Amino acid sequence: MKLIFCLIAAAFIGFNANAQDSDKKEKKTTTIKIGPDGVTINDKKIEEKPEKDFEIEASIVDIGINSIIDNTDYNSAAAKAFLQVPAGLQNENLFSMRTGKSWNVNVYPVMAKLKVLKTKRQKIYLSTGIGLQMYNFRYTKNISYRNETVPMVVMDTIGFSKNKIGLTYLAVPLQFTFKTKLADKAWLVYGVGMTGGYRIASWNKQISAERGKQKNRDEFNFNNFNACVTGEIGLDNYFRIFASYQVTPLHSTGLDQRPFTIGLRFGGI
């Protein structure tokens with residue numbers, strides 16, 4: 001958890017640094033001097049620094065709300081073997097979520113940017129980096145992920161005030177970012193890309209009156225690798241909205257669930 005907070009802090013520092021860099025486009029600076037001849041005011045022109053073709057800069061922080069696109073065949077033998085619950089519960093409603101409490105956070109502290117095209121009204125960049133992609137799925141039902149002899153999902157005998165699955169991936173994004181000039185100092189920014197990730201942690205966290213707080217770390221039948229299609233749109237230096245759809249199944253066997261996320265992006269290319 002400390003690592004996550006450090007990465008988010010580093011990303012926001014980088015975002016602020018980028019904002020300060022954009023302020024350097026002012027064409028002059030004013031100095032005031034007080035001397036024997038009184039007060040003098042001088043305006044000094046500052047040359048704008050040309051944009052480099054390749055730059056390393058920080059950063060991106062995404063905060064969004066999760067949902068699941070469920071393509072599972074619940075009549076399959078694999079699904080029935082994984083879901084050790086009554087037959088009437090073996091359907092997608094078993095994994096209904098508290099949508100407002102199921103979050104996705106992505107942190108990319110450092111991004112590399114390559115300028116592909118730059119004209120007076122259009123800019124195109126290719127970017128990549130490395131960071132963390134984190135999912136939290138908060139369930140409404142009292143399901144529990146187990147990994148005993150074989151991985152399984154069971155319906156627990158007690159009620160939980162909090163019941164969620166968390167996953168963290170080490171992720172590498174690859175994205176094309178486009179900027180189209182709408183007016184003076186107003187640029188429409190939009191982009192599309194992909195991320196590839198490797199699962200470095202997964203856990204089931206539950207809180208109940210009977211058992212207190214429990215956190216069980218295991219593989220739980222989750223895939224080690226994931227791939228997502230991503231997109232963003234917004235007004236440069238004002239706001240950005242991002243969306244992400246995982247094209248690979250969340251689980252190794254039994255279930256075909258694919259996370260979909262939409263939210264706000266802070267920073268960006």
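**Exposure and salt bridges**

Reply: Glu 55 has a relative accessible area of 23%, so Glu 55 counts as partly exposed. Keep in mind that this is a predicted model.

Me: Why is Glu 55 called partly exposed?

Reply: Buried means under 20% and exposed means over 50%, with partly exposed in between. The 23% of Glu 55 falls between these cut-offs, therefore Glu 55 is partly exposed.

Me: What makes Glu 55 and Lys 113 a salt bridge?

Reply: A salt bridge needs a side-chain nitrogen of Lys or Arg within 4 Å of a carboxyl oxygen of Asp or Glu. The N to O distance of Glu 55 and Lys 113 is 3.3 Å. That is within 4 Å, so the pair is a salt bridge. Glu 55 is in strand β3 and Lys 113 in strand β6, so the pair ties together parts that are 58 residues apart in sequence.

Me: Is Lys 113 buried or exposed, and how do you know?

Reply: The relative accessible area of Lys 113 is 8%. Buried means under 20%, so Lys 113 is buried.

Me: How do you know that Lys 115 and Asp 53 meet in a salt bridge?

Reply: Their side chains are 3.2 Å apart, N to O, and the cut-off is 4 Å. The pair links distant parts of the chain: Lys 115 is in strand β6, and Asp 53 is in the loop between β2 and β3, 62 residues apart. Lys 115 is partly exposed at 21% relative accessibility, and Asp 53 is partly exposed at 49%. Both values lie between 20% and 50%, which means that neither residue counts as buried or exposed.

Me: What makes Lys 179 and Asp 236 a salt bridge, and where do they lie?

Reply: The N to O distance is 3.1 Å, which is within 4 Å, so the name applies. Lys 179 lies in strand β10 and Asp 236 in the loop between β13 and β14, so the pair ties together parts 57 residues apart in sequence. Both Lys 179 and Asp 236 are buried. Lys 179 and Asp 236 also belong to a network of salt bridges with Asp 62, Glu 232, Arg 240 and Arg 265. In the whole structure, 12 salt bridges are found.

Me: Why is Lys 185 called exposed?

Reply: Exposed means over 50%, and Lys 185 has 68% relative accessibility, so Lys 185 is exposed. Lys 185 is found in the loop between β10 and β11. Its phi is positive, about 65°, although Lys 185 is not a glycine.

Me: Why is Asn 237 called exposed?

Reply: The relative accessible area of Asn 237 is 62%, which is over 50%, so Asn 237 is exposed. Asn 237 sits in the loop between β13 and β14. Asn 237 has a positive phi of about 70° although it is not a glycine.

Me: What makes a space a cavity?

Reply: In a cavity, a 1.4 Å probe fits but cannot get out. By this rule there are 2 cavities of 30 Å³ or more. About 120 Å³ of space lies in the largest cavity. It is lined by 15 residues, and among those closest to its centre are Tyr 108 and Arg 265. The largest share of this lining, 3 residues, comes from β6.

Technical notes: Residues numbered from 1 in each chain as written. Predicted model: local features only at pLDDT ≥ 70, side-chain atom pairs only at ≥ 80, totals over all residues. Heavy atoms only, no water. 1 Å grid on protein atoms, 1.4 Å probe; cavity = no way out; pocket = protein on both sides within 12 Å on 5 of 7 lines; lining within 4 Å. Points joined across faces, edges and corners; volume = space filled by probe spheres on them. Helix = DSSP H or I, 4+ residues; strand = E, 2+ residues; numbered from the N terminus. Buried < 20%, exposed > 50% of the residue type's maximum accessible area, 1.4 Å probe, protein only.
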